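Here are some exercises to work through with the model open beside you. Have a go at each task before you read its solution.

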Amino acid sequence: LPWQRPSHGGPSTLARKRAILREGDLPHVVGFSEAVLPPRASVEWHVHWSKSEVFFCLNGTASFGVAVLPDSAWLAGSPPAEMGGLDRQRVQVVAFVPGTTIAVRPRFWHAIFNPGPAELQFTVFGVAD
């Protein structure tokens, strides 16, 4: 399976992913991918309006942030590296370590930051709502 740049992070992102399942392969499934996030790289704050995502950490350690309330557009443009300075009443940040599963519903902004020193390897499964 070929590696690609994810749709989040823009042209300078160092993250990469490869699709295991694509939209249309199975009913309601909009994607199942393996992803790699290099040290000191991030997946920017973003939101999906009509799909849920389930993330599963395979290797590495990262910070995973999820808005506490849906439609938290104020997160747009906030660097994930600054998760430590975010309002903890508005954003929940958890350690994303091997064996951790995180489910994100539609309309909830989320981001991932890998502080290093190792690559972060994870899977992400998308389901249409």
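**Exercise 1. Find the partner of D129 in a salt bridge, and say which parts of the chain the pair ties together.**

Solution. Start with the rule: a salt bridge needs a side-chain nitrogen of Lys or Arg within 4 Å of a carboxyl oxygen of Asp or Glu. Strands here are DSSP runs (E, at least two residues), numbered from the N terminus. Last, check the cover. Buried means under 20% relative accessible area, exposed over 50%, and partly exposed in between (1.4 Å probe, protein chains only). D129 is exposed at 54%, and R105 is exposed at 53%.

A word on the ground rules: this is a predicted model, where local features need pLDDT of at least 70 and side-chain atom pairs count only at pLDDT 80 or more, while totals for chains, interfaces and linings use all residues. Residues are numbered from 1 along each chain as its sequence is written, and side-chain values use heavy atoms, with hydrogens and water left out.

**Exercise 2. How many salt bridges are there by this rule, and how covered are the residues of the other pairs?**

Solution. The count comes to 3. One of them joins the side chains of R18 and E34, at 3.0 Å from N to O. That pair links distant parts of the chain, with R18 in strand 1 (residues 16-22) and E34 in strand 2 (residues 29-37), 16 residues apart. R18 counts as partly exposed at 24%, whereas E34 counts as buried at 18%. Then there's K51 with E53, whose closest N and O atoms are 3.6 Å apart. K51 is partly exposed at 22%, and E53 is buried at 8%.

**Exercise 3. Work out the strand order in the open sheet of 5 strands.**

Solution. First, list the elements: the chain has 0 helices and 9 strands. For two strands to pair, DSSP must find at least two bridges between them. The open sheet then reads 1-2-9-4-7, with antiparallel pairing. Strand 1 and strand 7 are the edges, each pairing on one side only. From one strand to the next, the twist averages 20 degrees (the angle runs from 0 to 180 degrees between N-to-C directions of lines fitted to C-alpha atoms). To zoom in, take strand 2 and strand 9, which pair over 8 bridges. There, V36 stands opposite Q121 in strand 9.

**Exercise 4. Which residues touch the most other members of the largest nonpolar core?**

Solution. A nonpolar core is a set of buried Ala, Val, Leu, Ile, Met, Phe, Trp, Tyr and Cys residues joined through side-chain atoms within 4.5 Å. Of the 17 residues in the largest one, the answer is L37, F55, F64, F96, I112, L120 and F122. Now see where the core comes from: strand 2, strand 3 (41-46), strand 4 (51-59), strand 5 (62-67), strand 7 and strand 9 each give two or more residues. Apart from this core lies another, of 7 residues, including W45, V47, A67 and L75. To finish, take the chain as a whole: buried residues make up 41% of its 129 residues.

Methods:
Helix = DSSP H or I, 4+ residues; strand = E, 2+ residues; numbered from the N terminus.
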